[in-house]
Amino acid sequence: MLIRGDEMKKIILLLIILLCTGGCYDYHEINDLGIVVGIGLDYQDDKYLMTYELLNIQKENNNSEIENKSYIISAEGNTISDAKVNTEKKIDKTVSFSHLEILLISENLANSGISDMADYFLRNNSITNNFYMILSKEVLPEDILNFKSKTRQTNSAIIINLLKADNTSENIYTKDQFDYQMAKIKDNLEDIVIPSVTLKQEIEITELAAFKGDKLKYYLNNDDGDTYGLLLNKIKNNNLINDVGTIEVNHKQIKIDINNQTLNINVKIIAKIEKLNKKDLSLKNEDDLIKVENSYMNLLNDRINTLISNAKNEDCDILGVRKLIYKKNPKANLVNYNVDYNIDIDIKINRGGSLFGVLT
Amino acid sequence: MKKNGQIVLYYFLSKAMFFGFGISFIIGKAKQNSWLAIILGYLLGIILLHFFIKKKMNLLTKSILGKILVLMLSLTILSNTIVDYSVQIINFFLPETPTTIIALSFFCIIIYGANHGFSGFKRLSELLIFVGLPITILGWTGNLPNTELTNFLPFLDGIDNDFIIAILTTTAYSLGPIILLLCNETMVDKKYVYIGYILGCINSLIVIISTIGTLGITLATIYRYPEYIAFKKISAFNIFERMENIFTMVWLMDLILLGILCVISLYNIFKKNWGIFLTFITTCLAMFFLIDIYQNTIFMYQYSVYYILGLIVLMLIATKKESKT
């Protein structure tokens, strides 16, 4: 059967489109990819040490032994690009950053400033920008990424899972991703706070690290970390503990705004009692319940004051006061700003549990 | 053609030039006031559209002057479309594939589409709306949890000449393709043109609000494709993630429709073979000069706005002369 001219044109056109849109140029077998899930970055003696945590995508060996799901490759260089090139020279696969989850930075790098590296990670099209920056406290990022975990997950996945658990004050969200943090540093309207991890028996979450500009300034202690998490809605189920007992925050409404040079912090909490310590308290008595509520209001008030005062002492604006001032009045002086604080806390306990008082 | 089909066509085309050129340029100029620039730009567009719609624009190509103006507008939009499409594919889908293959495949698609004539083009747009609209709605809603309205503060601060440029950009990029469509359309229903144009305005407005609300001004101005990066941040129920490439399909559809319209305009001015030849030359020039040799498309952002606006004004004058004669 002969093919007419028109049909021939269509067939040629179809073949051209098929050839052009097949995407063969960008085709990579998954086994040929070095999938980077975490990057560790250290800065020592004017040199960057870069470590990649790569997924181990080889099949299990014949003895069905479970191998670690990741391995690391490290190299150093005078610049970040240099360190990257040197690291990738050691990888016999095409490096893919599309599944990058964390950037683990060392204290040395955090102390010397992190702005310099930001441009590299955000400009590079091949690196996804949906990853989190985490500080490696008292241990090198390389050691954390090289840790052999009991769970045999990748270390990057362990860190992310720890941070996404509901009960940590360092709980991370989309707005904590690397590019958002870098934008905050560039804006210079608030100081960033990032989670930190360390290595003991296992990888552990430790204190939050507060920065001044692009340099590490101090670590928030546990109480400050919890209060910070509560104020910024980062903790879903946090407990407040004092000598009266323990309450669990069920629902909270936080409002932080600025009005006439006064920073108003309004906290409304609905909580349930987890434990009572004082034997003389009875929840049948309304006055006692108010006493319990007041004790936690005082506790939280003290904690917020301590958080603010510690941050002030370190000259860090972790609550974003400058940003609030700027949004309200863009022409205001943000260098020598001075604001008063007004803390308004309302805690209601709506669930006392099965017991009216203390049993033993 | 069904009347609601006209709405679809005008809706698609009034927002087609925004991706890549429009959104990042408007946000860069108008910052947190971009939403206002979009509204004012489209309002200006509606006013200008009101003058155009009264005339029989399809008669414009009967005169030499009209032909030249339509040709200039077609080639400008076509080259923008080719660059936009190629750069999008290179950046997001096929980073290692040579530009030649990407641009020439686009050339083949738009020629194929244009060969089916204006009715085929309309049918294609009616078909694509069933894919495009759900994806667009998913994209908008997906970023709602990330949208912070405080990113639009301080309200109306920093309104200057750049804000005016952002308004003009909105008008030029939304009106240019619409005028090209009017030049090819014989039966125009005013009401549906306005509805389609306003729907396009709402779409662009939501993209701006979603982008700035998600990224904030600093990131939205520093990223080359902020609307794409905003899509990257979508994470619905921690399950649906990394769907940005699906959401950007809508922009590819817009660009293909726009490319086909440009080629149809060239077919109306010249014979078909000349139209194909001109499209091929434009593709090659856009591909080699703008992407591979010059390697910088920024100047297109800066100057094509004034060029398209100038052409729109000239066409308005030309149509007046035409109707007098």
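1. Chain A exposes about 18,800 Å², and carbon and sulfur atoms supply 47% of that area, where accessible areas come from the Shrake-Rupley method with a 1.4 Å probe and, for residues, only the protein chains shown count as cover. This is a predicted model, in which local features need pLDDT of at least 70 and side-chain atom pairs count only at pLDDT 80 or more, while totals for chains, interfaces and linings use all residues. Residues are numbered from 1 along each chain as its sequence is written, chains are lettered from A and ligands numbered from 1 in the order in which they are written, and side-chain values use heavy atoms, with hydrogens and water left out.

2. Chain A contains ten helices and 15 strands, these being DSSP runs numbered from the N terminus (H or I of at least four residues for helices, E of at least two for strands). Of its 360 residues, 47% count as buried, a term that stands for under 20% relative accessible area, with exposed meaning over 50% and partly exposed in between (1.4 Å probe, protein chains only). Among the contacts in chain A with a separation of 6 or more, 67% come from residues 24 or more positions apart, contact being defined by heavy atoms within 4.5 Å.

3. The interface between the two chains brings 28 residues of chain B into contact with 28 residues of chain A. Together chain B and chain A bury about 2,600 Å², of which 53% lies on carbon and sulfur atoms; buried area here is the accessible area (1.4 Å probe) that two parts lose on being put together, summed over both. On the side of chain B, the three residues B:Thr218, B:Lys233 and B:Arg242 supply 20% of the area buried against chain A, more than any other three residues.

4. The largest nonpolar core has 116 residues, and B:Phe121, B:Ile179 and B:Met315 touch the most other members; such a core is a set of buried Ala, Val, Leu, Ile, Met, Phe, Trp, Tyr and Cys residues joined through side-chain atoms within 4.5 Å. Helix α11 (residues 249-269) of chain B contributes the largest share of this core, with 16 residues. Residues up to four places away in sequence aside, B:Phe121 touches B:Leu9, B:Leu13, B:Leu181, B:Leu257, B:Ile260, B:Leu261 and B:Ile264. A second, separate core of 41 residues includes A:Tyr228, A:Val292, A:Leu299 and A:Leu307.

5. Helix α5 (residues 99-115) of chain B, with 17 residues, reaches 24 Å from its first C-alpha to its last, close to the 24 Å expected. Its buried residues include B:Ile102, B:Phe106, B:Phe107 and B:Ile110, and the helix is followed by B:Gly117, whose phi is positive, near 75 degrees. For the 26 residues of helix α6 (residues 117-142) of chain B, the end C-alpha atoms are 37 Å apart, in agreement with the 38 Å that the helix should span.

6. Some backbone geometry deserves a look, since most residues other than glycine have a negative phi, and most peptide bonds are trans. The peptide bond from B:Leu153 to B:Pro154 is cis, with omega near -5 degrees, and B:Pro154 is found in the loop between α6 and α7 (161-184) of chain B. In chain A, A:Glu138 has a positive phi near 60 degrees; this residue is in the loop between β6 (132-136) and α5 (141-145) and counts as exposed at 64% relative accessibility. A:Asn188, also with a positive phi, of about 55 degrees, is found in the loop between α7 (178-187) and β7 (193-194) of chain A and is partly exposed at 45%.

7. Two buried strand residues of chain A complete the note. A:Met50, in strand β2 (residues 47-55), is buried with a relative accessible area of 1%, and its C-alpha atom is separated by 5.6 Å from that of A:Ser74, 24 residues apart along the chain. A:Ile343, in strand β15 (residues 340-351), is buried with a relative accessible area of 19%. Leaving out residues up to four places away in sequence, A:Ile343 touches A:Ile265, A:Asn301, A:Ile304, A:Asn305 and A:Ile308.

Definitions and conventions: Expected span 1.5 Å × (residues − 1).
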